[in-house]
Amino acid sequence: MGEHVDDQMVVQAQGGDRDAFERIVNVSFDRCHGVAMRLLRDREAAEDAVQQAMVNIWRDLPRLRDPSRYDAWSYKLLLRACYAEYHRTPRWMPAIGDGTTVEPHAGDDYGAVIDRDQLERGFRRLSMDHRAVVVLHHYLDLPLDQVASVLEIPVGTVKSRLHRALAEMRSVLEADTRPVRRQGSAQEPHYTTSLKSGERRVVR
Amino acid sequence: MTPRVPDDRDMGEVVRSWMFDGDEPTADRNRQIGRIMGRVDETRQRRRLWPRNPFERRVMRSATGTSDTAGSTTLAARAIAILVPVRAMATLAVLVLVGSMLLYAVARVPPPPPLAGAAASTLDELVALNLRAWSGEPELLAETYAPEGVHTATFYDRTNEYVGPDQIAAVAGYGGGPEMIGPRIDIRLDEGDWRWASFVSLGGGSACLWHAVDGQIVRHDCMVPEMSYQNRPAASVTTDPDTLAAIAELDARLLGAWGRESSLEALETVYAPDAVHTARYLNTTRTYTGPAEIAHVALLGSSIEPIGDLVAFEAPPGELAWAGVGTVAGGAVCLYHAVDGLVTRHDCLLPIRG
């Protein structure tokens with residue numbers, strides 16, 4: 001996933017070298033922006049979060065004792081900024097997309113049924129805690145122990161959050177692929193799936 | 001075509017693929033980086049409180065380079081490996097030194113004065129502490145007096161009352177502090193209750209009656225044989241045997257004239273025709289003038305038994321002044337003044353309500 005920040009740049013930036021930090025920002029911006037964008041699902045919120053995270057990184061950088069741990073440390077600060085932005089942004093505000101439409105995948109086995117909208121809807125149902133696990137593991141490709149380290153939670157919690165997050169997204173896909181029963185009645189039953197128990201309930 | 005939902009195992013791959021779908025560089029990334037750097041220019045970096053962790057062992061890369069550099073690198077690595085614990089020990093030594101200095105400084109600080117409300121454990125301790133409080137250390141009054149402790153000063157024409165250490169502090173130290181004269185006369189009370197009489201040089205010889213409960217003074221009533229402390233010069237006790245004998249003889253006659261067998265005739269041989277007897281209770285003062293009025297109260301009760309010795313004050317020629325503590329009302333103190341062998345003033349302080 002692109003270039004990585006090297007220790008030398010970090011040490012220089014720790015000493016107050018602005019140019020070194022600008023190089024760090026250049027190197028890590030796309031990755032940070034990608035994380036924020038995937039977590040927050042909103043371009044403006046993601047930009048604000050990244051900007052705030054970078055400023056916080058610069059401010060606290062001299063306190064980072066081990067430059068080789070920069071990546072994990074910077075992700076912590078980025079996630080913190082994303083959480084803050086998530087709580088700051090009104091929840092009812094609809095995400096404004098960039099207007100592009102994406103065709104369903106044709107190259108994989110699930111292309112016929114899974115498009116971005118379905119996954120998007122499933123992902124939006126997740127809490128920030130669950131989103132963070134999914135993004136760190138599946139987008140940044142961090143192993144579970146590193147995810148646990150960044151989030152400062154046990155590995156077991158990471159596993160359970162990841163499992164639950166994927167199950168929830170999967171439940172959206174299942175609901176969308178289920179045929180709607182039409183009986184000519186004004187009251188059509190709508191099926192939904194409870195994630196905790198796995199049982200299906202009929203909601204009128 | 002029947003739609004197929006990925007199973008749990010494949011779901012991760014689907015999500016991963018979706019995550020990278022459309023992952024293109026941000027169009028205005030340079031503008032955003034410019035904004036970030038603009039804010040960075042306005043932000044000061046936070047410095048470490050402690051420059052470097054002294055207990056940290058720096059990771060040394062293995063010296064597997066060329067033969068001519070390998071030796072020096074290994075040497076440097078060893079030197080640093082030795083120096084790191086030395087640095088840690090030096091840091092510890094500095095911390096111990098600073099800690100010791102702080103402890104020494106704390107130990108040198110004089111102990112704070114006892115907390116307000118702390119009670120004295122013995123009557124001697126309380127009396128000594130209270131004398132200090134009245135002789136230039138009024139802050140100790142909060143220690144010797146109960147929060148609602150009362151001090152009264154009864155003159156011929158009035159009684160001044162002060163409640164609580166703060167009010168008492170206003171009169172404590174008057175005239176440079178009281179000078180105690182004569183013996184302290186302790187009056188036996190129940191366990192935890194202390195009552196005693198003491199005598200002061202002010203106003204020609206004043207007598208005070210004290211009552212302490214649980215080590216703190218709750219009452220401190222003083223009687224001054226004049227209109228004010230300043231009307232008569234400071235008194236002292238006398239050791240003149242003739243004076244002491246005259247006082248003893250008159251006091252014995254006076255005590256004999258009181259009680260169930262009292263008579264006007266007997267009182268007229270002790271009291272001057274215009275003699276004044278006052279009884280100062282906690283809530284009132286009663287005054288009787290002349291033997292006839294005094295006879296009304298002299299008949300009450302049983303005879304009076306003295307507690308402790310009499311205290312004889314210095315007095316002008318032809319006059320006698322003394323004080324004594326009697327068993328009336330659980331311990332009352334009386335001041336006497338006589339001229340030409342007849343009592344002219346007989347003022348008593350009784351620690352009860354009238």
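Tutor: Start with a pair of helices: helix 2 of chain A passes helix 6 of chain A in a right-handed crossing. Right-handed means that the near helix is turned clockwise from the far one by less than a right angle, and left-handed means anticlockwise. Helices (H or I, at least four residues) and strands (E, at least two) are DSSP runs, numbered from the N terminus.

Student: And the numbering and letters?

Tutor: Residues are numbered from 1 along each chain as its sequence is written, while chains are lettered from A and ligands numbered from 1 in the order in which they are written. The model is predicted: local features need pLDDT of at least 70, side-chain atom pairs count only at pLDDT 80 or more, and totals for chains, interfaces and linings use all residues.

Student: Ok. At what angle do helix 2 and helix 6 of chain A pack?

Tutor: About 140°, with the axes of helix 2 (residues 18-40) and helix 6 (residues 128-139) of chain A 9 Å apart. Helix 2 of chain A is therefore oblique to helix 6 of chain A. The classes are roughly parallel under 35 degrees, roughly antiparallel over 145, roughly perpendicular from 65 to 115, and oblique for the rest. Axes are lines fitted to C-alpha atoms, for helices over the stretch in contact, and angles run from 0 to 180 degrees between N-to-C directions.

Student: Which residues meet there?

Tutor: From helix 2 of chain A, Gly34(A), Val35(A), Arg38(A) and Leu39(A); from helix 6 of chain A, Met128(A), Arg131(A), Ala132(A), Val135(A) and Tyr139(A). Contact means that the C-beta atoms of two residues, placed from the backbone, lie within 7 Å. By class, this contact between helix 2 and helix 6 of chain A has six nonpolar, one polar and two charged residues. Ala, Val, Leu, Ile, Met, Phe, Trp, Tyr, Cys and Pro count as nonpolar, Asp, Glu, Lys and Arg as charged, and the others, Gly among them, as polar.

Student: Where does Leu140(A) lie?

Tutor: In the loop between helix 6 and helix 7 (144-151) of chain A. Leaving aside neighbours within four places in sequence, Leu140(A) is in contact with Val35(A) and Val135(A). Leu140(A) and Val35(A) are 105 residues apart along the chain, but their C-alpha atoms are separated by 7.8 Å.

Student: Why does Leu140(A) count as partly exposed?

Tutor: Because Leu140(A) has 18 C-beta neighbours inside 10 Å. With C-beta atoms placed from the backbone, a residue is buried if 20 or more others lie within 10 Å of its own, exposed if 12 or fewer, and partly exposed in between.

Student: What about chain A as a whole?

Tutor: Chain A has eight helices and two strands. Of its 204 residues, 34% count as buried.

Student: Now chain B. What is the order of the strands in the open sheet?

Tutor: The order is 8-7-12-11-10-9 in chain B, six strands with mixed pairing. Strand 8 (285-289) and strand 9 (306-313) of chain B stand at the edges with a single partner strand each, so one side of each has no neighbour in the sheet. Neighbouring strands of this sheet are turned by 15° against each other on average, direction ignored. Strands pair if DSSP finds at least two bridges between them.

Student: How many bridges join strand 9 to strand 10 of chain B?

Tutor: Five, and strand 9 and strand 10 (residues 319-326) of chain B run antiparallel. One bridge pairs Ala312(B) with Trp322(B) in strand 10 of chain B.

Student: Which strands does helix 7 of chain B touch?

Tutor: Helix 7 (residues 241-257) of chain B packs on the sheet and touches strand 9, strand 10, strand 11 (332-339) and strand 12 (342-349) of chain B. Helix 9 (residues 290-298) of chain B packs on the sheet too, touching strand 7 (271-280) and strand 8 of chain B.

Student: What does strand 1 of chain B pair with?

Tutor: Strand 2 (residues 159-163) of chain B, in the antiparallel sense over five bridges. A hairpin joins strand 1 to strand 2 of chain B through four residues. Six bridges also join strand 1 of chain B to strand 6 (residues 216-223) of chain B, and those two run parallel.
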